[in-house]
Amino acid sequence: MINRRGLFVCSCIALITSAFTFVVRGDILQEMGNAFQLSQEQKGGIEGAVFMGMALSMLFGGFICDLLGMKRIMFLAFGSHLIGSVATIFAPHSDFSYQWLFVSSLLMGFGNGFTEVGINPLIATLYPDKKTHYLNMLHAWWPGGLVIGGLSAQFVVRKLVPEGVAGLELWQTSLCLIALPAIAYGVMLIPARFPQTERVESGVSTADMFKECLRPLFLIWGFCMLLTAATELGPQKWQESVMRSTAGVSGTLILVYTSGMMFVLRHFAGPIAHKISPVGMMLGSAVLSGIGLYALSYADSAVTAIGFATIFGLGITFFWPTMLGVTAERFPKGGALALALMGSIGNLSISQVLPQMGHIVDTYAVRYVEETDKEMAPEILKRGGAGAYVGIDPGAVEKLPEDSSGRELAAAAQSQGYRMAFRWVSLLPSLLIVIFTGIILYDRSQGGYKAEILISRDEEDELFAGGVQGAVE
């Protein structure tokens, strides 16, 4: 017998594990990068590798989910989470450190991606008549995991074992947190029984599944996923570095605060979507996220950081789960593939925006130094292969005296770079506003937002036996 509640809880814990990889890595990003003398762009690159891994595993997993079954996909997630985190912890200090960190981060991303491939169609199958609501409830545990992981990293690891344990540095000790929820959901998977996906149960052919994913509206929705994912998760991943530099507060704690807010609000997604439609929710989210992120780039104190982060948090609350919910409701014949493609598109977007944000940080930091005190540039800037400055050199800055003007200049330059990265990303929601408005107007011309519900072969037989004529959607 299938235990629907047990599968839902297992899915939530798996998503918490994915959230841990996000918030814990974000919390220790600068320390880990400095340990290997990485530039900001390289730091963004290894974090982007996580999302590249998610994109690749979701793309591949979407094609094989129906073949392997959701349970085997979840075991792939468990193995990838564990191996990727251990490989990152024990990355060697060598000429190939960046490549090692990139590959191990890619593996951790595989864990996150296979998790999404398994849990999203599972919840859509278990709750076919309330997909948007239950996918929001499931994905409430993404911010829930951010809260748990962020608090654990800040107040358990940093306060109790600031020097690390068992010969591990602090950043390595923090990464050990990821194994805890991973082992929990791995154990739960062993006895669990999974259903077939909704598409398979309903008898939708593979050809029809592919046709569903080529519909023009699906392609437009996929483009929207590029923008919503970049707007939400790109800035969140950089938040610890940015808020620490610009406002003098812990970006991880700001992330914990906004994540707690998101956790609560996602449980009310169903009633809100029913009142204004899921696309209407997305339009409001785009407006708030753009305003909030732009304002957040000007935060210079704890008060302004929290205030502007509240607006941004309200904006991004429903982005990811509602994008998936609409995919499941409007393109149900696409099944696990449609959901995986949508998630893959989102993660591909994040994998690209993270190093681009790092590049923006480095570019504007260099520009700030050269415009403020060009003579100081050789002392605090790092040169690339072509001889041009590529960003702040953390190793060189570390060697300067504590009261050095060079340190102050480097900090101010870095801060300016972080602010500009947020401002550039804040432009993305402007395009979303135009697209979502167009979809809302189109829906109204067709009688309003409509969700399609697939039924199983047995239910179809019962309907025809009862005298229902015509095609069944």
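Reader: Taking a pocket as an open set of grid points with protein on both sides, and lining residues as those with an atom within 4 Å of a point, how many residues line the largest pocket, and which lie nearest its centre?

Author: In this predicted model, the lining of the largest pocket consists of 24 residues, and those nearest its centre are Gln30, Asn34, Gln40, Pro394 and Gln414. The space in that pocket comes to about 670 Å³.

Reader: Which helices supply at least two residues of that lining?

Author: Helices H1 (4–27), H2 (29–35), H3 (40–68), H12 (216–246), H20 (394–399) and H21 (405–425) each do, and the largest share, 5 residues, comes from H21.

Reader: And what's the lining of the largest pocket like by class?

Author: By class there are 9 polar residues, 8 charged ones and 7 nonpolar ones in the lining of the largest pocket.

Reader: Switching to the packing, how many residues has the largest nonpolar core, and which have the most contacts inside it?

Author: The largest nonpolar core has 121 residues, and the most contacts inside it belong to Phe51, Leu138, Tyr185, Phe194, Trp221, Phe422 and Phe436. Helix H18, which spans residues 335–372, gives the most to this core, with 14 residues. Apart from it there is another core, of 14 residues, including Met376, Ala377, Val397 and Ala413.

Reader: What is phenylalanine 194 in contact with, leaving aside its neighbours within four places in sequence?

Author: With those neighbours left aside, phenylalanine 194 is in contact with Ile2, Leu7, Met70, Lys71, Met74, Leu122 and Leu189.

Reader: Now helix H6: why is it largely enclosed by the rest of the structure?

Author: Helix H6, residues 131–139, is largely enclosed because 7 of its 9 residues are buried, a term that stands for under 20% relative accessible area. The buried residues in H6 are Lys131, Thr132, His133, Leu135, Asn136, Leu138 and His139.

Reader: What covers the buried residues of H6?

Author: The cover includes H1, H5 (97–126), H7 (141–160), H10 (198–202), H14 (269–276) and H17 (319–330).

Reader: Take leucine 135 then; why does it count as buried, and what is it in contact with?

Author: Leucine 135 counts as buried because its relative accessibility is 0%. Once its neighbours within four places in sequence are left aside, leucine 135 is in contact with Asn120, Ile123, Pro321, Leu324, Gly325 and Ala328.

Reader: Is threonine 327 buried or exposed, and which residues does it touch?

Author: Threonine 327, which is found in helix H17, is buried, with a relative accessible area of 1%. Not counting residues up to four places away in sequence, threonine 327 touches Phe218, Trp221, Pro332, Ala338, Leu339 and Met342.

Reader: What about the strands: in what sense do S1 and S2 pair?

Author: Strand S1, residues 381–383, and strand S2, residues 389–392, pair in the antiparallel sense over 3 bridges, and arginine 383 stands opposite tyrosine 389 in S2. S1 and S2 form a hairpin with 5 residues between them, and glycine 387 in the turn has a positive phi of about 95°.

Reader: How much relative accessible area does glycine 387 have, and how far is its C-alpha atom from that of alanine 77?

Author: Glycine 387 has a relative accessible area of 30%, so it is partly exposed. The C-alpha atoms of glycine 387 and alanine 77 are separated by 42 Å, the two residues being 310 residues apart along the chain.

Notes. Residues numbered from 1 in each chain as written. Predicted model: local features only at pLDDT ≥ 70, side-chain atom pairs only at ≥ 80, totals over all residues. Heavy atoms only, no water. 1 Å grid on protein atoms, 1.4 Å probe; cavity = no way out; pocket = protein on both sides within 12 Å on 5 of 7 lines; lining within 4 Å. Points joined across faces, edges and corners; volume = space filled by probe spheres on them. Helix = DSSP H or I, 4+ residues; strand = E, 2+ residues; numbered from the N terminus. Nonpolar A, V, L, I, M, F, W, Y, C, P; charged D, E, K, R; others polar. Core = buried A, V, L, I, M, F, W, Y, C linked by side-chain atoms within 4.5 Å. Buried < 20%, exposed > 50% of the residue type's maximum accessible area, 1.4 Å probe, protein only. Contact = heavy atoms within 4.5 Å. Pairing = 2+ DSSP bridges.
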